[in-house]
Amino acid sequence: MKNMLLFLIINLSLFFAAEIQNIQVAQRTNGTGIVDLSYDLIDAEGVFPSFEISIEISTDGVTYNQYNSALMTGDVGENVLPGTGKSIQVQAPENIYTSNAVFKIIASAQMLL
């Protein structure tokens, strides 16, 4: 997964901005098949109390599928608080090796009114 690309989708309300910055991706070289994703989740205006973070993966660059949450740990799923130094550990799919894998980090949030 050397040439791994990482895309970011943020689904937020109309006039408020939040973003994911400082994205880094690294595959561990110890044979575990774990891919480490690190990022900063920035909500500069403090509008969103928390985010839901999910991952999609494509091995062909065309079709994306929701990644199994049981194969991920870290700052993923519901109630991820904004801040720096977030990390996700993804267990790579078994029996699949590709240098063309693409991960999408998807962050969504709802405003409390």
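Buried residues are those under 20% relative accessible area. By that criterion, 35% of the 113 residues of the protein shown here, a predicted model, are buried.

**Figure 1. Overall fold of the predicted model.** The protein contains nine strands and zero helices. Its elements accordingly follow one another along the sequence as β-β-β-β-β-β-β-β-β. Where contacts link residues at least 6 apart in sequence, 65% of them join residues at least 24 apart.

**Figure 2. The largest nonpolar core.** This core comprises 21 residues. Tyr39, Phe51, Ile53, Ile55, Ile88 and Val90 are the members that touch the most other members. Two or more residues are contributed by each of β3 (34–42), β4, β8 (83–91) and β9 (102–108). In soluble globular proteins, nonpolar side chains tend to be buried together.

**Figure 3. The largest pocket and its lining.** The volume of the largest pocket is about 180 Å³. Ten residues line this pocket, and those closest to its centre are Ser50, Glu52, Ser108, Ala109 and Gln110. Strands β4 (51–58) and β7 (77–80) each provide at least two residues of the lining. By residue class, the lining consists of four nonpolar, four polar and two charged residues.

**Figure 4. Arginine 28 in the loop between β2 and β3.** Arginine 28 is located in the loop that runs between β2 (19–27) and β3. Its relative accessible area is 33%, so arginine 28 is classed as partly exposed. When neighbours within four places in sequence are left aside, the residues in contact with arginine 28 are Ile34, Asp36 and Gln89.

**Figure 5. Aspartate 60 in the loop between β4 and β5.** Aspartate 60 belongs to the loop between β4 and β5 (65–66). With a relative accessible area of 48%, aspartate 60 is partly exposed, because that class ends where exposure begins, at over 50%. Valine 102 is 42 residues away from aspartate 60 along the chain, and the C-alpha atoms of the two residues are separated by 8.3 Å.

**Figure 6. Alanine 101 in the loop between β8 and β9.** Alanine 101 lies in the loop between β8 and β9. Its relative accessibility is 1%, and alanine 101 therefore counts as buried. In sequence, alanine 101 and glycine 61 are 40 residues apart; in space, their C-alpha atoms are 7.2 Å apart.

**Figure 7. Asparagine residues with positive phi.** Asparagine 22 is part of strand β2. The phi angle of asparagine 22 is near 55°, a positive value in a residue other than glycine. Asparagine 79 is placed in strand β7. Although asparagine 79 is not a glycine, its phi is positive, at about 60°. Asparagine 79 has a relative accessibility of 59% and therefore counts as exposed, since the threshold for that class is over 50%. Strand β7, in which asparagine 79 is found, is one of the strands that supply at least two residues to the lining of the largest pocket.

Note on methods
Residues are numbered from 1 along each chain as its sequence is written. This is a predicted model: local features need pLDDT of at least 70, side-chain atom pairs count only at pLDDT 80 or more; totals for chains, interfaces and linings use all residues. Side-chain values use heavy atoms; hydrogens and water are left out. Helices (H or I, at least four residues) and strands (E, at least two) are DSSP runs, numbered from the N terminus. Buried means under 20% relative accessible area, exposed over 50%, partly exposed in between (1.4 Å probe, protein chains only). Contact means heavy atoms within 4.5 Å. On a 1 Å grid over the protein atoms alone, a cavity is a set of points where a 1.4 Å probe fits but cannot get out, and a pocket is an open set with protein on both sides within 12 Å along at least five of seven lines; lining residues have an atom within 4 Å of a point. Grid points are joined across faces, edges and corners, and a volume is the space filled by probe spheres set on the points. Ala, Val, Leu, Ile, Met, Phe, Trp, Tyr, Cys and Pro count as nonpolar, Asp, Glu, Lys and Arg as charged, and the others, Gly among them, as polar. A nonpolar core is a set of buried Ala, Val, Leu, Ile, Met, Phe, Trp, Tyr and Cys residues joined through side-chain atoms within 4.5 Å.
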